[in-house]
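Welcome! Let's take a friendly walk through a protein model, one topic at a time.

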Amino acid sequence: MLHVFTLLLAALLTCPLVAEAQKPIKVGMPMPLSGPPALFGDPATKGAQMFVDEINAKGGVLGRKLELLTRDSKADANEAVRVARELILKENVDFLVGTLTSAEGPAVSVVAKENKIVFIAPIPKTDQLTAADKLHPYVFRVAATTTMEGRSAAEIVAKWPVTNVATMSFDYAYGQDVTRAFVDHLKKIKPSVQIVDQQWPKLGEQDYNPFINAQMAKKPEAIFSSIWGGFFVTYSKQAKALGMFDTIKYNFIGVGEAATPETTKSMGADYPVGIWGNSYDAFYWGETPAHRDYTTRLSKYLKDEYPSSWAIQGYIGMQFLAEAIKKAGSADSDKVAKALLGLTVETPVGPLTIREKDHQANRGQLYGKTVKDAKYPFAIMKPVTYVDPSRFMD
Amino acid sequence: MPDPSFVFAQSLSGLTAAMFLFLIASGLSLIFGVLRVLNFAHGTFYMLGAYVAYQAMLWLGPGPGMFWIAALGAALTIALLGGLVERLLFRHLYGKEELYQLLFTYALGLILSDVAKIFWGTQQKSVSRPPGLTGSFSFLGATIPQYNLFVILLGPAIALAFWFVLQRTRVGRFIRAAALDRETLGALGTNVDALYTGVFMLASFLGGLGGALVSPMRATVPGMDTEVIVEAFVVVVIGGLGSLWGTFLGALIYGQVLSFGILFFPRFSIFAVFALMAAVLIIRPWGLLGRPLR
């Protein structure tokens with residue numbers, strides 16, 4: 001306690017009382033930068049940094065520069081809390097934008113509440129983060145939620161000529177929540193569909209063969225999966241070897257970003273082309289001039305011909321923060337929190353609005369059937385559709 | 001009553017998993033049996049094996065036979081790395097306290113996995129199955145990928161080769177003698193240091209080979225090392241640390257329990273494995289086929 005007190009005192013003493021206007025606005029970003037989740041955390045911080053560099057080049061916000069301080073949260077709730085506290089107490093950050101997993105998000109939200117600092121979560125999907133009992137004036141989310149993602153997939157599967165579906169998800173918060181949202185919504189919009197099997201491998205499973213065999217023994221006509229990121233690579237390689245995709249005639253939808261360019265690119269010819277998947281972004285989408293422009297800039301910034309689909313989440317998180325500071329005319333968290341309510345921002349994926357009632361943006365995702373395209377050495381979603389979740393967010 | 005073709009398919013998938021685990025756990029067990037060090041960095045050698053195989057495939061290109069060259073090259077590279085690590089670092093560990101050894105090997109694993117991240121980044125890497133083993137065939141109503149069958153056959157082949165070297169050759173006699181009494185063997189004029197390096201390189205070779213051969217079936221990502229080391233550890237605890245056939249048996253049990261466990265406890269099959277390990281530790285703390293430590 002004394003330690004915290006001395007830190008606070010030191011922070012107060014070092015805080016310059018003059019030159020407030022020239023001081024940069026500091027934004028703390030706890031994000032996993034090591035271990036498997038760094039796959040998404042790392043590009044997300046780069047997207048945020050690109051936004052910061054661009055806005056600073058134009059003079060910053062309210063005449064002040066933005067300064068981004070990233071810290072490795074190690075995809076661990078305790079570590080995320082520790083670095084968030086360090087950013088607030090030692091670095092005096094004005095705002096927090098960050099966290100990736102559904103464990104980190106709600107944990108950092110508590111820190112934001114204690115310190116009365118605006119916290120924008122760009123990636124965690126758990127409904128818990130903005131649930132009525134957890135909501136407080138300082139937490140906001142620009143990611144999709146498990147409810148929105150599960151329901152989007154259900155809307156697509158409902159159109160397939162299948163009578164039953166099986167599910168494959170990791171046995172932890174995200175897997176359970178998104179699968180429940182999918183199943184409940186599907187039953188509501190197409191009651192005739194049966195759920196014939198549900199498999200729950202542990203998070204990070206390396207051997208899916210027993211789960212696939214057990215599932216195929218129930219003869220499903222379609223499969224919903226929320227096995228994400230690099231784990232999807234492992235799962236789909238093993239499923240392909242077992243002939244699973246052929247058996248279900250590619251009636252397969254993979255949420256958890258199974259169709260990101262990163263994943264299809266890394267798998268090349270091994271990708272089960274023909275399945276459905278989703279992604280937060282895809283450099284080849286280019287639906288609007290704003291998106292095309294964003295992709296060109298990102299490509300240059302990352303020096304990557306096929307830039308990451310995760311950078312956009314860091315970018316949009318920072319975009320909302322900057323717009324809210326402008327609207328509030330101040331970098332005071334209470335004023336910025338008020339400004340964020342109902343705020344609409346023109347993002348690279350189109351206008352997004354943070355709802356007043358649950359501080360949740362209507363962030364949809366791209367969905368599509370994967371196909372081979374002569375233009376790229378890997379599969380892409382085509383046609384790729386942005387599924388706006390506004391209709392089924394409640 | 002489950003469908004017999006399903007039971008067959010399930011036992012084969014358990015067998016495939018078991019043979020991979022055997023490849024990795026046998027190296028862990030060998031190092032412990034002879035050098036008396038529990039090498040937590042062994043999982044990282046496995047991961048590096050996968051990364052090096054991926055890198056070699058990038059250089060070699062897809063052609064026929066390239067995968068096998070890449071896999072062998074990866075295993076040899078990791079063996080060399082293991083030799084270096086033993087010469088420069090492990091040498092100072094022998095006879096030290098177990099806690100110290102554990103912390104050291106754990107730290108080494110963390111450092112090496114960070115080095116891997118510098119080279120290969122955090123994006124998942126993927127290697128295709130070698131041409132000729134990409135298909136699958138149906139047997140008794142079950143689909144069996146050819147590559148899985150290859151792995152199932154490779155496991156026992158390696159176990160037998162291992163057994164032959166240990167029991168029937170001069171080198172094997174020295175290795176067994178070193179496991180029993182290092183000082184006496186040294187006093188009799190054997191170069192124990194070189195023997196230790198050799199054993200460590202062999203174990204690293206197996207770890208690297210495991211990683212290279214697993215890469216067509218799994219994504220190569222940071223973190224795969226910590227996952228596999230826990231599994232390999234369970235295998236050697238069940239089978240008996242330092243026992244070759246114990247490790248083989250442990251791997252077989254692990255694979256089958258995991259495969260069939262999901263039928264009985266769909267969400268807790270991993271629990272079945274750990275329960276088994278706990279039971280073994282209570283009833284036979286030295287493992288099913290291990291010898292009690294003196």
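In chain A, 69% of the contacts with a separation of 6 or more join residues 24 or more positions apart; two residues are in contact if their C-beta atoms, placed from the backbone, lie within 7 Å. This is a predicted model, in which local features need pLDDT of at least 70 and side-chain atom pairs count only at pLDDT 80 or more, while totals for chains, interfaces and linings use all residues. Residues are numbered from 1 along each chain as its sequence is written, and chains are lettered from A and ligands numbered from 1 in the order in which they are written.

**Overall build of chain A**

- Chain A has 13 helices and 14 strands, which are DSSP runs numbered from the N terminus (helices: H or I, at least four residues; strands: E, at least two).
- The radius of gyration of chain A, 21 Å, agrees with the value near 21 Å for a compact globule of 394 residues; it is taken over C-alpha atoms, and the globule rule is 2.2 Å times the number of residues to the power 0.38.
- Along the principal axes, the C-alpha atoms of chain A fill a box of roughly 70 × 45 × 35 Å.

**Helices α3 and α4**

- In chain A, α3 (residues 77–89) and α4 (residues 104–115) pack at about 30°, with axes 8 Å apart; axes are lines fitted to C-alpha atoms, for helices over the stretch in contact, and angles run from 0 to 180 degrees between N-to-C directions.
- That angle makes α3(A) roughly parallel to α4(A) (under 35 degrees is roughly parallel, over 145 roughly antiparallel, 65 to 115 roughly perpendicular, and the rest oblique).
- Among the residues making this contact are A:A77 and A:I88 of α3(A), and A:V108 and A:N115 of α4(A).

**Helices α12 and α13**

- In chain A, α12 (residues 311–328) and α13 (residues 333–340) pack at about 105°, with their axes 8 Å apart.
- This makes α12(A) roughly perpendicular to α13(A).
- The residues in contact include A:F320 of α12(A) and A:L340 of α13(A).

**Where chain A meets chain B**

- The contact takes 30 residues from chain A and 32 residues from chain B.
- On the side of chain A that touches chain B, α2 (38–57), α7 (209–216), α8 (229–241) and α10 (261–267) each supply at least two residues.
- Which helix gives the most to that side of chain A? It is α8(A), with 6 residues.
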